[in-house]
Amino acid sequence: MARKLLLEHINVPGINTFDVYRSKGGYAAVEKALKTLTPDEVVEEVKKSGLRGRGGAGFPTGMKWSFLAKPEGVARYLVCNADESEPGTFKDRYLMTHIPHLLIEGMIVASFALGAKTSYIYVRGEMMPQIRILEKAIAEAKAKGFLGKNILGTGYDLELYVQPGGGAYICGEETALLESLEGKRGNPRIKPPFPAIAGLYGCPTVVNNVESIAAVVPIINEGGDEYAKLGIGRSTGTKLISAGGNLRKPGVYEIDLGLPVEEFLYSDEYCGGIANGKRLKAVVAGGSSVPILPANLFLKTINNEARLMSYESLADGGFVSGTMMGSGGFIAYDEDQCIVRNTWNFARFYHHESCGQCSPCREGTGWMEKVLHRLEYGHGKMSDMDLLVDVSKKIEGNTICPLGDAAAWPVASAIRHFRDEFEWHVTHPHEATTRNFGIAHYADPLPKLEEAAG
Amino acid sequence: MLSVQDTNTPVTFSPELISKFADVVSRYPEGKQKSALLPILHLVQAEFGWTSVPAMDKVAEYLAIQPIEVYEVASFYTMYFLKPQGKYMLEVCRTGPCEIVGATPIMEHIEKTLGVKEGDVTPDGLFSWRGVECLAACGFGPVLQIGPEYTFYENLTTESVDKLIGDLKGKANN
């Protein structure tokens, strides 16, 4: 069984309280960092760990920290992105609900490393119960001297606040989040300048995902080099995977990066296979934004190698035959699911969540939703698939923030891999409203490359 | 029949509510009180059930910003209600992962049980419902939430929804 760095004590009764968390070795990273390390040494450990941003983009966290501008006399901020809204992703809610002090501890260490005196945890507004859990945890930590003035007598001061959002997916984009935290609409900012130079209130700011901040705790406790020994290649450490959809055992799992996807999907230690004894048709591996793959391409790369749960292996084959790690929002589709309906559902989501700032996204997401709706409801045309690809290409790369790309990729990938299912909706409009296309050839073994070429 | 505020009725913020506002404002640097807007709108909605124009005007006055700065925020974010809702607003997740485990039949069942369309209020003023986008609980779908506490109900079935609605009716009538 793999080692758990974040969730090791998740089932300990009372772990959500300061005392129990502390009795399990909690806040040791704060003591170690504040008493024995300089801020730069903390950054160095995180760099050595190879930790990559767990929110979805996978950018190295230590490098992001090292970009932070440090002009004299200007405040610096750390903002935790807890606006978890990517369909398929629910790990941050889980972590904040059950082990809130891990996030608080990580925030203290990270704030110390960055020289922030005030830090915010921006939590999506719908998570009011989690907001209350975090506020209670902050009050406990403050009462014990881990927050506030002169923490543990080291002279370091830090105030930590929880900020609720208002229900907008776009605020998970870091500059939209900062706008929202300033009390404005969540319209992403044009970059540059990046938040590291001009972020919250125009001051240098780092925005990190909940899981990235939490991972700083084991990195400091064990050292960056030790952390980097876990995982595979440039995918170091452990990752929380939110497993949902038609699985026998959905839930949040902490895996060593590099675990074979087949083992993750079918072993009883993890998802336990597909619910109700059905067969796997397709997988969205990293949240709704990443390309959807048919079962056969998900389990094996195009070169017939077993695919692994790592940034590199999931991306093997690029967008032609691969996908992305994303946020670790893992959605499994059984043989009875309709890819057209799912794609329409996601398109509706992105249309609903587009902030409306950039025309390609504002208009394009609505257009794709409309075309997918007619395909799903039996009014589609054979030319609609090319139209959808065309619209998606015109959104992709043409918007201020990545929401446009996130809306384009699931549509383009669904047509790339499931085109015959879309065509069937056009040729069998009545049948398509009463039954699903089924698993077809999507789980068949991949042809060997030589055979395919021959 | 629950009393709902007429849009033009002026609102009064109680001293307790104002002290909660002040607590929020204290979290930000001097002069950055606008950051308190989203949290304050949540407090207003928890108090009055929705964010009316007179309430938003008072918030603008409190934060020393223009009313339009409040309206544009309240209308951008989906959580703020710009018209009165039922006492219990059932918000059902309708996005992908919940959809494939049965969100649509749950919404159809709620519509049939309550007898009102999405966004409408039951005649007794107790309930309204709507589909919302991903609530980040994809492993436990279908899910719904009810404000202002945003209590969560997971792994919904038509039976559990019936029980929930019955319990809420009982609670309201006591």
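**Figure 1. B:C134 is a buried cysteine in a predicted model.** Its C-beta atom has 30 C-beta neighbours inside 10 Å, so B:C134 counts as buried. The cut-off for buried is 20 or more. B:C134 sits in the loop between β2 (127–132) and β3 (144–146) of chain B. Leave out residues up to four places away in sequence, and B:C134 touches A:S85, A:P87, A:F349, B:C93 and B:T95.

**Figure 2. B:C93 lies in strand β1 of chain B.** The strand covers residues 88–93. B:C93 counts as buried because 28 C-beta neighbours fall inside 10 Å. Set aside its neighbours within four places in sequence. The contacts of B:C93 then include B:C98, B:V132 and B:C134. Also among them are B:G141, B:P142, B:V143 and B:L144.

**Figure 3. Four cysteines of chain B carry a UniProt annotation.** The unreviewed UniProt entry places the feature "binding site" at B:C93, B:C98, B:C134 and B:C138. These positions are spread over 46 residues of sequence. In space they cluster, with a largest C-alpha distance of 9.2 Å.

**Figure 4. Chain A meets chain B.** In this view, 46 residues of chain A are in contact with 34 residues of chain B. Several elements of chain A each supply at least two residues of the side that touches chain B, including α7 (128–143), β3 (159–164), α8 (174–181) and β13 (329–334). The largest share, six residues, comes from α15(A). The residues on this side of chain A divide into 17 nonpolar, 22 polar and seven charged.

Figure 5. Most peptide bonds are trans. A:P193 is found in the loop between α8 and β4 (205–209) of chain A. B:P142 belongs to the loop between β2 and β3 of chain B.

**Figure 6. Two asparagines of chain A have a positive phi.** Most residues other than glycine have a negative phi. A:N150 has a positive phi of about 50°. It lies in the loop between α7 and β3 of chain A. A:N150 counts as exposed, because its C-beta neighbours inside 10 Å number 10. A:N276 has a positive phi of about 60°. Its place is the loop between α11 (261–266) and β10 (280–284) of chain A. With 9 other C-beta atoms within 10 Å, A:N276 is exposed. The cut-off for exposed is 12 or fewer.

How values were computed:
Residues are numbered from 1 along each chain as its sequence is written. Chains are lettered from A and ligands numbered from 1 in the order in which they are written. This is a predicted model: local features need pLDDT of at least 70, side-chain atom pairs count only at pLDDT 80 or more; totals for chains, interfaces and linings use all residues. Two residues are in contact if their C-beta atoms, placed from the backbone, lie within 7 Å. Helices (H or I, at least four residues) and strands (E, at least two) are DSSP runs, numbered from the N terminus. Ala, Val, Leu, Ile, Met, Phe, Trp, Tyr, Cys and Pro count as nonpolar, Asp, Glu, Lys and Arg as charged, and the others, Gly among them, as polar. UniProt positions are given in the numbering used here, feature names are shortened, and annotations may be inferred rather than shown by experiment.
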